[in-house]
Amino acid sequence: MPAPSAPAPLHLVLGEEELLVERAVEQVVAEVRIGEPGAELRRYRAADLTPADLADNLSPSLFAEGRVIVLQAAHEVGKDLAAAIVQQSADPAEGIVLVVVHAGGARNKPLADALRKGGAVVTTCNKITRSDERADFVRAEARRAGGRIAPDAVGVLIEAVGSDLRELAAAVGQLVADTGGKVDEPAVRRYHRGRAEASGFTVADKVMAGDRAGALEALRWAMVLGVAPVLVADALADGVRTLAKVGAAGRGDPNRLAGTLGMPPWKIRKAQSQVRAWQPESLALAFEAAAEVNADVKGAAADPGYALERAVLRICAARESR
């Protein structure tokens with residue numbers, strides 16, 4: 001059996017999504033310990049070190065034991081230490097692996113660029129903010145746990161649990177374990193009864209169908225149960241986008257349109273039944289309302305709840321306009 005290849009001596013973990021950053025660091029440590037189970041792990045806030053401290057940590061030990069040095073928040077370091085990190089990482093001692101964690105963005109970008117140019121293995125951990133990214137994360141978590149989650153269960157789970165990745169990961173892992181690996185919408189509703197019944201997607205479905213009273217009731221329940229306003233706003237925007245895409249595609253077979261539109265057949269089928277009641281001018285008004293409420297819930301409005309209620313009324317009124 002061939003021996004495992006030696007891990008790369010320099011890694012750059014780039015981004016602000018804490019769970020993904022932690023996993024990236026854990027992955028490096030796990031790879032190192034495959035070949036050297038006793039490898040030592042040392043974590044430092046990079047700005048707390050001096051160039052001399054860094055040199056001491058990266059110097060070989062007397063018995064050449066393996067070592068993983070993790071420099072956290074490297075974007076905060078000063079000019080001298082940034083230069084030392086680049087210089088000393090270029091010629092690491094045998095058995096030592098350096099992991100530099102950098103938030104990305106403009107702050108201390110030359111450090112990240114220099115490490116990348118110096119051959120660092122780069123792992124990107126960008127902040128997950130969009131609804132489609134959260135959905136991708138949930139699907140990936142189900143696969144990671146050894147299971148699968150049905151398309152119509154993804155949105156219900158996100159609305160039931162929220163946008164925190166740790167909570168989503170824990171919920172997916174528990175559902176995969178408890179369902180034998182096949183997570184569907186009834187399972188999500190069974191395990192998260194209450195919050196899953198009052199979600200942003202529930203609000204959006206009722207709005208797209210023109211059920212003004214039902215949409216307002218679902219919105220109020222969602223607010224009472226603590227569903228994040230941004231998730232409701234995302235669901236409204238997604239509902240309007242879906243109607244526009246499906247309406248433009250015509251009345252084709254949902255199974256054939258799925259690949260072209262990038263959405264599952266069940267979602268296309270539902271949208272086809274809803275879009276018949278909408279005019280192009282009505283969708284344009286709904287787009288405007290959805291865009292405005294997304295800005296409102298992210299800080300433009302003093303009262304996100306009121307902004308959402310107003311958006312629901314505006315979109316329902318747009319549907320009724322002829």
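**Close-up views of a predicted model**

View 1. Helix α1 comprises 18 residues and spans 27 Å from its first C-alpha to its last, close to the 26 Å expected at 1.5 Å a residue (the expected span being 1.5 Å times one less than the number of residues). Helices (H or I, at least four residues) and strands (E, at least two) are DSSP runs, numbered from the N terminus. The model is predicted: local features need pLDDT of at least 70 and side-chain atom pairs count only at pLDDT 80 or more, whereas totals for chains, interfaces and linings use all residues. Residues are numbered from 1 along each chain as its sequence is written, and side-chain values use heavy atoms, with hydrogens and water left out. Helix α1 (residues 18-35) lies across β1 (10-14), β2, β3, β4 (96-102) and β5, and runs at about 175 degrees to β4. Axes are lines fitted to C-alpha atoms, for helices over the stretch in contact, and angles run from 0 to 180 degrees between N-to-C directions. Buried residues of α1 include Leu19, Arg23, Val28 and Val32 (buried: under 20% relative accessible area, 1.4 Å probe, protein chains only).

**View 2. The open sheet.** Five strands with parallel pairing follow the order β2-β3-β4-β1-β5; two strands pair if DSSP finds at least two bridges between them. Because β2 (40-45) and β5 (121-124) stand at the edges with a single partner strand each, one side of each has no neighbour in the sheet. Neighbouring strands are turned by 15 degrees against each other on average, direction ignored. β2 pairs with β3 (residues 67-72) in the parallel sense over 6 bridges, and leucine 41 stands opposite valine 68 in β3.

View 3. Isoleucine 96 is found in strand β4 and, at 4% relative accessibility, counts as buried. Beyond its neighbours within four places in sequence, its contacts (heavy atoms within 4.5 Å) include Pro9, Asn57, Leu58, Arg67 and Ile69.

**View 4. Packing of α9 against α15.** Helix α9 (residues 200-208) and helix α15 (residues 304-320) pack at an angle of about 30 degrees, their axes 9 Å apart. The two helices are therefore roughly parallel (angles under 35 degrees). Val203, Val207 and Met208 in α9 meet Val312, Ile315, Cys316 and Arg319 in α15.

Conventions. Parallel < 35°, antiparallel > 145°, perpendicular 65-115°, else oblique. Buried < 20%, exposed > 50% of the residue type's maximum accessible area, 1.4 Å probe, protein only.
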